[in-house]
Amino acid sequence: MAIHLTAAMRVIATGMTSVIRPVFTLTSVLIITQRAVYLSSFILALTGVSTTASFTVFAADTVSSHFAANSNSNSKSDSDAIKSDASNTRPPISKTIVTTIQQTWQLNLLKEALRRSDSGYQVQQMSTQMNQKRKVEEALAGTVDVFWSMTSKELEETVLPVRIPLFKGLLGNRLLIIRKADETRFAKVKTMADFRQLKAGQNRYWPDATILEANGLPVVTSYQYTNLYPMLEGGRFDYLALGAQEIGEELANHPDPALKVDSHILLQYRSPAYFFVSPKRPELAAAILTGLESMVSDGSFDEMFNRELKIEQLYREAKFEHRVIIRLDTPDLSPLTPIERKELWLDLFSMQGAK
């Protein structure tokens, strides 16, 4: 009787061990992952870059190493369960990234940054045209992995910003498309008070509309960018402000003999454009940042920027220093904007302009 009772107790103890071991293992995983998330949140508060996925991977690696070290003491069924749990904890990272960015300087820069990061990503372009709101929605859903945009505090809090200004601040140096008949009217502008007598046209989804309104400038908006050109010609507003690097091409794409680029005013505000990444792909944001920082460090960013955007020619044609500069505040600018890093910006913000 005693022998049978002892045998039965051994069977029960063995069964309890097989149940208790996974419970302790799961508890370890949860503790490690929880600590990783806390640390990730701390780093996000300091740098603005999310590392949650990276720390989750770290936790999975740590636990996997623990399992491997103790594999001799586990039964075959325990080992199979552990492998299954590990594979569920660490899903494979896709090497194909989907972007809305078309064949532009921004796309070439993205590809070069990814190449520099040695990440092995392949870029797939979407042909669907999307407004700003739709891009954000698709990024949150994970359908779009990366897009570019002028920044805003709201945008940086919604998706993941890679805080390297793609145009070195040039996008915030705005020239104006005006009606030819109003050329003399714009030539008389000398002060902010003069400029406030003119109405701006803007896309409602662009952060620029909010910046102009915050500075007390009258703004007429449209939800469709292409509608702005006939609205300008028809007198609904007086000017359309576009980045200096894009205004010539944009006017050529919307030819109208009644319109021209103003030669007198430079509208200037700090408004960097960044790559923005889906919150579902923090490892992609880290790879892009690594590649861009490498390019900034060795000077290849500036070399590629000057070549592709023809910066010397732009400076000659725009004659920035001979214009009246209307400077605006950007009240919604994130405190994490790297303004102190002089190598990331053109020198346009220090110009005095015409008096």
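Over the ring of which residue does the charged end of arginine 270 sit? That of phenylalanine 349, 4.0 Å from the ring centre. Some notes on this and the rest of the model follow.

1. Ground rules. This is a predicted model, where local features need pLDDT of at least 70, side-chain atom pairs count only at pLDDT 80 or more, and totals for chains, interfaces and linings use all residues. Residues are numbered from 1 along each chain as its sequence is written, and side-chain values use heavy atoms, with hydrogens and water left out.

2. The overall picture. The chain has 14 helices and twelve strands (DSSP runs, H or I of at least four residues for helices and E of at least two for strands, numbered from the N terminus). Of its 355 residues, 45% are buried (under 20% relative accessible area; exposed is over 50%, partly exposed in between, with a 1.4 Å probe and protein chains only). Take the contacts (heavy atoms within 4.5 Å) with a separation of 6 or more: 76% of them join residues 24 or more positions apart.

3. Arginine 270. You'll find arginine 270 in the loop between β10 (265–268) and β11 (273–277). Besides sitting over phenylalanine 349, arginine 270 lies over the face of tryptophan 345, at 4.5 Å from the ring centre. The test for a charge over a ring is NZ of Lys or CZ of Arg within 6 Å of the ring centre and within 35 degrees of the ring normal. Leaving aside neighbours within four places in sequence, the contacts of arginine 270 are Thr330, Leu333, Ile339, Trp345 and Phe349. Aspartate 329 is 59 residues away from arginine 270 in sequence, yet their C-alpha atoms are 7.5 Å apart.

4. Serine 271. Serine 271 belongs to that loop between β10 and β11 too. Its relative accessible area is 2%, so serine 271 counts as buried. With neighbours within four places set aside, serine 271 touches Met150, Leu171, Gly172 and Ile211.

5. Helix α9. Ile211 brings us to α9, where Pro207, Asp208, Ala209, Ile211 and Leu212 are buried. The buried residues of this helix pack against β3 (146–150), β5 (173–179), β6 (200–203), β7 (219–222) and β10. After α9 comes glycine 216, with a positive phi near 75°.

6. The second largest pocket. This one holds about 420 Å³ of space. A pocket here is an open set of points on a 1 Å grid over the protein atoms alone, where a 1.4 Å probe fits, with protein on both sides within 12 Å along at least five of seven lines; lining residues have an atom within 4 Å of a point. There are 22 lining residues, and Ser152, Glu154, Leu155, Tyr205 and Pro207 lie nearest the centre. Two or more residues come from each of α5 (132–141), α6 (153–158) and α9 (207–214), with α6 giving the largest share, five.

7. Aromatic pairs. I'd look at these next: there are 13 (ring centres of Phe, Tyr or the six-membered ring of Trp within 6.5 Å; planes under 30 degrees apart are stacked, over 60 edge-to-face, the rest tilted). Tyrosine 225 and tyrosine 229 are edge-to-face, 5.6 Å centre to centre with 85° between the planes, and both are buried. Tyrosine 315 and phenylalanine 320 are also edge-to-face, at 5.3 Å and 80°. In that pair, tyrosine 315 is partly exposed at 23% relative accessible area, whereas phenylalanine 320 is buried at 0%. Ring pairs also link Trp105, Phe301 and Phe305 into a cluster.

Note on methods
Points joined across faces, edges and corners; volume = space filled by probe spheres on them.
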